[in-house]
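This report covers the fold, the surface and the aromatic pairs of one protein model. The sequence and structure come first.

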Amino acid sequence: MAAREVPAPPPAGTKDIGRGAGRAAAGLIRMIWPYCLIILLWQCWLVLDDVPALIAPSPLQTLAGTVTGFAQYLPDLLTTLMVIGTGLGLGMLLGITVASLSWFSPMLSGVLTPLTILLNTLPSIALIPIVASIFGYTLYTIIVIAALISYFPAFVLTRSGLDSIPPGAADLLHVLGAGKRRHYLHVALPAAVPNIITALRISAMLSVVGALTAEWLLGTRGLGYRLAKAQQIMDTDQAWQVSLIGVVLSLVIFGIASGLERKVSMKFR
């Protein structure tokens, strides 16, 4: 009777590769299923309500139009990216600076904190004409608006982080004869880094909204301006395509900021 052949064992590492591929696939599914659900609901709404394409094109039609006509939107996308990046950077820098000054001086804190809260109570729609009347109807005004919208989370979270120093650290520095500047550089500021990164994530999304809103109201270029122009000429396809680009842009910026926040949190854990 012939001996039964024993199958050869799988190569070393095959199981690990399979598990890694499975985890990657599961992670991809977890990441994209909400967007797939939104697209499915979008399509169901169009079919069930018999919505004409003049009002809302189908997801496939919008995606195809965005891909084929992306070249015409690229200059506006780059303009909006420049506005968001510059406004976010200025807003974060201003928020960290003002929070640091208020941490150093209780007198400045009593002046700057109420002004910051007052600025945040103004809706962005009401803030834009005020800023435009000061700086004019230019691209710089849109950058200033994005910076002001990004400023509040940066100030609040940085100020909170500066106060969240480890217990006993201030007493130790005082015993060692360290001044307030050393206290700030070696204890308070490092303790505030996770909060600053969280502020970056929040401010990034707010700067996108602020930039698009300001471009929509007073811009001469950018995605917000292109959306307003499409609405004026009743070009529904173009309006939905620009909106899709804006949504993808927001998701990409949010994903980058969230990934940076996770890395920093793991480092400071």
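Is W103 buried or exposed? W103 is buried, with a relative accessible area of 10%; buried means under 20% relative accessible area, exposed over 50%, and partly exposed in between (1.4 Å probe, protein chains only).

## Basis

This is a predicted model, in which local features need pLDDT of at least 70 and side-chain atom pairs count only at pLDDT 80 or more, while totals for chains, interfaces and linings use all residues. Residues are numbered from 1 along each chain as its sequence is written, and side-chain values use heavy atoms, with hydrogens and water left out.

## Fold and surface

The protein has ten helices and zero strands. Helices (H or I, at least four residues) and strands (E, at least two) are DSSP runs, numbered from the N terminus.

Of the 269 residues, 35% count as buried. The accessible surface is about 16300 Å², with 72% belonging to carbon and sulfur atoms (Shrake-Rupley method, 1.4 Å probe; for residues, only the protein chains shown count as cover). Among contacts (heavy atoms within 4.5 Å) between residues at least 6 apart in sequence, 74% join residues at least 24 apart.

## Aromatic pairs

Rings of Phe, Tyr and Trp (its six-membered ring) pair if their centres lie within 6.5 Å; planes under 30 degrees apart count as stacked, over 60 as edge-to-face and the rest as tilted. The count comes to three aromatic pairs. The W103 and F104 rings have centres 5.1 Å apart and planes at 85 degrees, so this pair is edge-to-face. F104 is partly exposed, at 33% relative accessibility.

Y151 and F155 form a tilted pair, 6.0 Å centre to centre with 35 degrees between the planes. Both lie in helix α6 (residues 139–163), four residues apart, about one turn of the helix. Y151 and F155 are both buried.
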